[in-house]
Amino acid sequence: MQLAKFRELAPEVDIVITTALIPGRDAPKLWLADMVGAMKPGSVIVDLAAERGGNCDLTRPDEKVVSENSVVVIGYTDFPSRMATQASSLYAMNIRHMLADLTPGKDGRIVHNMDDDVIRGATVSFEGGLTFPPPPPKVQAIAAQKPREKAKEPTPEEKRAAEIAAFRAQTKGQGLLLAVGTAFLLVLGAFAPSSFMSHLVVFALACFVGFQVIWNVSHSLHTPLMAVTNAVSGIVILGALLQIGSSEGLVTILAAVSVLIATINIVGGFLVTRRMLAMFQRS
């Protein structure tokens with residue numbers, strides 16, 4: 001049953017650490033060769049039972065083995081000596097904090113405060129008397145916290161009323177925006193040429209539809225959507241390049257601005273997408 005569960009989990013795990021040892025006997029085999037073969041390339045197995053043969057079929061004492069499917073099996077038996085630097089750093093840090101507690105004035109004078117649990121626990125004798133073993137550490141009583149009141153769950157009628165109110169507010173805002181836009185187009189149409197108005201109407205509708213589409217997309221999909229809209233920005237650049245050679249100065253300026261903005265969108269989209277994908281890649 002245990003091996004069957006390990007075999008089921010093998011394709012999903014990236015790191016396996018085995019520690020099973022039986023005194024006076026060889027280490028039991030818990031991670032078999034077929035489980036190693038089912039793991040993803042680049043996965044790591046750390047066999048801490050390598051000194052007694054290891055819990056993995058591919059373990060070799062004091063060696064690092066790479067399987068056919070690029071799984072690394074580490075069978076070192078001298079891990080304590082390999083951690084000398086980290087152990088020394090941790091020990092030195094503890095000693096430094098101990099000395100800081102013994103010299104609170106930072107003047108080199110030792111103040112042996114027996115009310116300090118750390119100093120008291122490290123003291124064997126003090127002022128001619130035996131102080132070992134130390135008393136149990138003082139535990140500060142924590143007042144019982146009052147249970148938090150659960151938020152009242154709205155009834156179906158209240159949920160429905162809230163949805164209707166939100167829909168009405170959203171519809172009201174969109175209607176007001178549409179009315180203002182229509183009035184602006186009517187005023188502009190009275191003075192602008194017909195060719196300009198046709199392009200402006202298409203542009204305004206594209207902005208409106210694009211805003212509605214993007215606004216209703218889930219936040220978790222914004223990065224994939226950004227990658228897709230790079231293609232749309234490419235189309236914008238192509239269209240703007242065709243208009244840059246226009247004889248009208250305003251059209252040329254708008255086309256140049258469109259090329260600039262679309263280029264920024266494409267470059268930024270690729271940079272953000274690449275950064276997001278790098279978060280899921282193994283270093």
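1. Where is P133 found? The place to look is the loop between β6 (129-130) and α6 (156-189). Please keep in mind that this is a predicted model. For background, most peptide bonds are trans.

2. T131 sits in that loop between β6 and α6 too. Is T131 buried or exposed? With a relative accessible area of 12%, T131 is buried, because the cut-off for that word is under 20%. The side chain of T131 reaches the backbone nitrogen of S125 at 3.4 Å. Setting aside neighbours within four places in sequence, T131 is in contact with M114, R120, T123, V124, S125 and F126.

3. Now for the chain as a whole. How many helices and strands does the chain have? There are nine helices and six strands. Of the 283 residues in the chain, 17% are buried. The accessible surface comes to about 21,800 Å², and carbon and sulfur atoms account for 66% of that surface. Taking contacts between residues at least 6 apart in sequence, 52% join residues at least 24 apart.

4. Which segments does UniProt list as "transmembrane region"? The unreviewed entry gives residues 176-194, 200-218, 225-244 and 250-272. I looked at two of these against the model. Over residues 176-194 the chain is 79% helix and 0% strand, with the end C-alpha atoms 26 Å apart. Over residues 250-272 the chain is 100% helix and 0% strand, and here the end C-alpha atoms are 33 Å apart.

5. Which residues form the largest nonpolar core? This core has 11 residues: A10, V16, W31, M35, V36, M39, I45, C56, V65, V71 and V73. M39 is a handy one to click on. Leaving out neighbours within four places in sequence, M39 is in contact with A10, V13, D14, V16, W31, I45, N69 and V71.

6. On to charged pairs. Side chains of opposite charge can pair when their charged atoms come close. The count of salt bridges comes to six. One of the pairs is K40 with D14, whose side chains meet at 3.0 Å, N to O. This pair links distant parts of the chain, 26 residues apart: K40 is in the loop between α2 (33-38) and β2 (44-47), while D14 is in the loop between α1 and β1 (15-18). K40 is partly exposed, with a relative accessible area of 31%, and D14 is also partly exposed, at 35%.

7. The side chains of E8 and K5 meet in another salt bridge, at 3.9 Å, N to O. Why are E8 and K5 separated by about one helical turn? The reason is their spacing: E8 and K5 are three residues apart in helix α1 (residues 2-9), so about one helical turn lies between them. K5 counts as partly exposed, with 42% relative accessibility.

8. R60 forms a salt bridge with E63, and the closest N and O atoms of this pair are 3.8 Å apart. R60 is partly exposed, with a relative accessible area of 48%. E63 is partly exposed as well, at 37%.

9. Last, two backbone angles to check. Most residues other than glycine have a negative phi. S70, although not a glycine, has a positive phi of about 65°. S70 is placed in the loop between β3 (64-66) and β4 (72-74), and at 39% relative accessibility it counts as partly exposed. K106 is not a glycine either, and has a positive phi of about 55°. The place of K106 is in the loop between α4 (84-102) and α5 (117-122). Is K106 buried or exposed? K106 is exposed, because its relative accessible area of 78% is over the 50% cut-off.

Notes. Residues are numbered from 1 along each chain as its sequence is written. This is a predicted model: local features need pLDDT of at least 70, side-chain atom pairs count only at pLDDT 80 or more; totals for chains, interfaces and linings use all residues. Side-chain values use heavy atoms; hydrogens and water are left out. A nonpolar core is a set of buried Ala, Val, Leu, Ile, Met, Phe, Trp, Tyr and Cys residues joined through side-chain atoms within 4.5 Å. Buried means under 20% relative accessible area, exposed over 50%, partly exposed in between (1.4 Å probe, protein chains only). Contact means heavy atoms within 4.5 Å. UniProt positions are given in the numbering used here, feature names are shortened, and annotations may be inferred rather than shown by experiment. Helices (H or I, at least four residues) and strands (E, at least two) are DSSP runs, numbered from the N terminus. Accessible areas come from the Shrake-Rupley method with a 1.4 Å probe; for residues, only the protein chains shown count as cover. A salt bridge is a side-chain nitrogen of Lys or Arg within 4 Å of a carboxyl oxygen of Asp or Glu. A polar contact is a pair of N or O atoms within 3.5 Å; within protein, one must be able to donate a hydrogen and the other to accept it, and residues adjacent in sequence count only if both atoms are side-chain atoms.
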